[in-house]
Number of protein chains: 2
Amino acid sequence: MVDDPAIAESGTRARTRRAILDAAVRVLSQHSNASLAEVAAAAGVGRTTMHRYFPERADLLTGISNDLLERIAAATDRAQPETGPALAALDRLCQAYFALGDGLLLTLNEPHLFTDPAWQAEAEPDRALLRLVERGRAEGTIDPELTPEWVQSVLWSLLYGAWMHARDSGVPEHDALALCLRTLRKAVAA
Amino acid sequence: MVDDPAIAESGTRARTRRAILDAAVRVLSQHSNASLAEVAAAAGVGRTTMHRYFPERADLLTGISNDLLERIAAATDRAQPETGPALAALDRLCQAYFALGDGLLLTLNEPHLFTDPAWQAEAEPDRALLRLVERGRAEGTIDPELTPEWVQSVLWSLLYGAWMHARDSGVPEHDALALCLRTLRKAVAA
DNA sequence: ACAGAGTGGAACATCACTGTTCCGTTTTCG
DNA sequence: CGAAAACGGAACAGTGATGTTCCACTCTGT
């Protein structure tokens, strides 16, 4: 689907499309009702050009949505959540998701922006995480008093907090991630 | 300041004012750029009436802001953060803040809504929490590897997560709070 | 150099939200 | 009860974002 020849794009088009999507995530993660002019400016692109790529605001949103879905799926895949001890896999997952950066904020902060049908259906990464937690409980390495859904909540909440911490408090991202990992591990360990 | 005779209000006025503020928090916490008409409808009040209490949108925001500041200060005070073992005090603080409900989401999710000067200056509850963490470190009951600022981040992030968890997953608020408390305690304990 | 893709700016109509005014109705309270 | 307070609805102009069109400019590859 990604390489659908029907929508194949030249190098330049793909590049500006990326610039727009990245800028949109960056801007909207801080100011969810920013005007399209602000997004265009942040992307270093004319407002007209943006409308060529995303005719309506809704199109931009679904563009962001699909992009985030791909990035989350790729991150999940890369972390190999089914491999090795559950706590180690959880660490890998946390690190992989942390790399989503501002996309984290947008995903958690403004879920109502994404009315995409794909967003509800595509819960595979979610299910992978739940399976991981179940495995940890079977292993006896994850606190059985915490429900898998709550552990999932904790993971995303701490990621959110860590990213904000790095963003606002001037703490290097690496340090924020380290604090996040340590906290998560302690919180969910049996 | 709360009972400033200059802005003393009749019973009815105070009551509708409360209804508007509560509705505004409820609506804006889910949809930060909701129209004033939506807020008025949620408050069961005409748009005209709302403009009588809060002439401009900015006035409504500062109204919410001041209300939240008061509630946070009151909650902090009620939790007596300077009393007893640090971890127990942290528990009390967490419970007290959880009662802020949707105000939590608004505070964490849309801090940019509040351009109030009072918001930056009034960091007393923040400072109380930081002192509490320092005390716990001195006691040896709080993990010295976690910076006080990060512990603060964790508290708010977990509160956010717990509230969302209760809201979206249908988990009773009491259970969500219990999970939150257990998780927080494990995460920050030495 | 040249054709064509890609781009930016200006101008425009449209639309939703906003803030305001006016007036009739309902509620509160002395 | 009757006056004052409080309210709701309708109507209106102003404003900023949006989506669209048109034209001129700048790259890119051959």
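**Close-up views of the predicted model**

**Figure 1. Helix α10 of chain A, residues 173-188.** At 1.5 Å a residue, the 16 residues of this helix should span 22 Å, and the 22 Å separating its end C-alpha atoms agrees with that expectation. The model shown here and in the other views is predicted. The buried residues of α10(A) are A:Ala176, A:Leu177, A:Leu179, A:Cys180, A:Thr183, A:Leu184, A:Ala187 and A:Val188. Viewed down the axis of α10(A), its buried residues fall within an arc of 160°, and they therefore line one face of the helix. The elements covering the buried residues of α10(A) include α5 (86-98) and α9 (148-169) of chain A, as well as α9 and α10 of chain B.

**Figure 2. The side of chain B that touches chain A.** Here 24 residues of chain B are in contact with 24 residues of chain A. The largest share, 12 residues, comes from α9(B). By class, the residues on this side of chain B comprise 9 nonpolar, 11 polar and 4 charged.

**Figure 3. The largest nonpolar core and the surroundings of B:Cys180.** In soluble globular proteins, nonpolar side chains tend to be buried together. The largest nonpolar core of this model holds 96 residues, of which A:Leu159, A:Ala162, A:Cys180, B:Leu159, B:Ala162 and B:Cys180 touch the most other members. Neighbours within four places in sequence set aside, the contacts of B:Cys180 are B:Cys94, B:Phe98, B:Leu158, B:Leu159 and B:Ala162.

**Figure 4. The surface near DNA strand D.** DNA strand D is surrounded by 17 residues, the closest being A:Ser35, A:Leu36, B:Thr16, B:Gly46 and B:Thr49. The residues of the surface divide into 4 nonpolar, 9 polar and 4 charged.

**Figure 5. A:Pro117 in helix α7 of chain A.** Helix α7 covers residues 117-121 of chain A and contains A:Pro117. Because A:Pro117 has 9 C-beta neighbours inside 10 Å, this residue counts as exposed, the cut-off for that class being 12 or fewer. A:Pro117 and A:Val27 lie 90 residues apart in sequence, with 24 Å between their C-alpha atoms.

Note on methods: Residues are numbered from 1 along each chain as its sequence is written. Chains are lettered from A and ligands numbered from 1 in the order in which they are written. This is a predicted model: local features need pLDDT of at least 70, side-chain atom pairs count only at pLDDT 80 or more; totals for chains, interfaces and linings use all residues. Two residues are in contact if their C-beta atoms, placed from the backbone, lie within 7 Å. Helices (H or I, at least four residues) and strands (E, at least two) are DSSP runs, numbered from the N terminus. Ala, Val, Leu, Ile, Met, Phe, Trp, Tyr, Cys and Pro count as nonpolar, Asp, Glu, Lys and Arg as charged, and the others, Gly among them, as polar. A residue is near a molecule or strand if its C-beta atom, placed from the backbone, lies within 6 Å of it. A nonpolar core is a set of buried Ala, Val, Leu, Ile, Met, Phe, Trp, Tyr and Cys residues joined through C-beta atoms within 7 Å. A residue is buried if 20 or more other C-beta atoms lie within 10 Å of its own, exposed if 12 or fewer, and partly exposed in between; C-beta atoms are placed from the backbone. The expected span of a helix is 1.5 Å times one less than its number of residues. The arc is that of the directions from the helix axis to the C-beta atoms.
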